Amino acid sequence: METRVALIGIVVEDPQSVEQLNALLHSYSKYIIGRMGVPYEKKKVSVISIAIDAPNDVISALSGKLGMLNGVQSKTIYSKV
C-alpha cells in the first residue's frame with residue numbers, strides 16, 4: 001500500500017487528555033517516524049509534532065481521533081511524496 005509522509009501538529013490545552021493522547025499515539029507507533037513535545041508553561045499548553053509515514057486513511061484516522069480528544073487541537077500537513 002502506498003504511504004505518504006505527513007506532519008501532525010498538536011496543541012494540548014487540557015492536561016487530563018495526555019494519557020489518552022499517549023495511548024492513541026502508541027497504537028499508531030509503527031507509522032510514527034519521530035515525535036517532539038515541548039511544554040510551554042507560560043501559556044499552560046504543550047506543543048507536540050508527529051512525523052508520520054503511513055497510508056492516507058491511517059493518517060486521516062489518527063488526525064480525526066486526535067481532534068475528538070477534549071482540550072486537544074491538531075492540524076495535518078501532507079507531503080507530496
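In this predicted model, strand 1 (residues 4–12) and strand 3 (residues 45–54) run antiparallel and are joined by 9 bridges. Gly-9 has Ser-49 as its bridge partner in strand 3, and Val-5 is bridged to Asp-53 of strand 3. Helix 2 (residues 56–67) packs on the sheet and touches strand 1, strand 3 and strand 4. The direction of helix 2 makes about 160 degrees with that of strand 4.

The sheet to which these strands belong is open and is formed by 4 strands in the order 2-3-1-4, with antiparallel pairing. From one strand to the next, the twist averages 15 degrees.

Strand 2 pairs with strand 3 in the antiparallel sense, over 8 bridges. Within this pairing, Gly-37 has Ile-48 of strand 3 as its bridge partner, while Pro-39 stands opposite Ser-46 in strand 3. The two strands form a hairpin, with 4 residues between them. Lys-44 is located in the loop between strand 2 and strand 3. Its phi is positive, at about 60 degrees, although Lys-44 is not a glycine. Most residues other than glycine have a negative phi. The relative accessibility of Lys-44 is 65%, above the 50% cut-off, and the residue therefore counts as exposed.

When residues up to four places away in sequence are not counted, Ser-63 touches Ser-74 and Thr-76.

Helix 1 comprises residues 18–27, and Val-18 lies in it. Val-18 has a relative accessibility of 33%, which falls between the limits of 20% and 50%, so Val-18 counts as partly exposed. Although Val-18 and Val-72 are 54 residues apart in sequence, their C-alpha atoms are 9.0 Å apart in space.

Val-5 is the residue paired with Asp-53 in strand 3. Val-81 is found in the segment after strand 4. With a relative accessibility of 70%, over the 50% cut-off, Val-81 is therefore classed as exposed.

Technical notes: Residues are numbered from 1 along each chain as its sequence is written. This is a predicted model: local features need pLDDT of at least 70, side-chain atom pairs count only at pLDDT 80 or more; totals for chains, interfaces and linings use all residues. Side-chain values use heavy atoms; hydrogens and water are left out. Two strands pair if DSSP finds at least two bridges between them. Axes are lines fitted to C-alpha atoms, for helices over the stretch in contact, and angles run from 0 to 180 degrees between N-to-C directions. Contact means heavy atoms within 4.5 Å. Buried means under 20% relative accessible area, exposed over 50%, partly exposed in between (1.4 Å probe, protein chains only).
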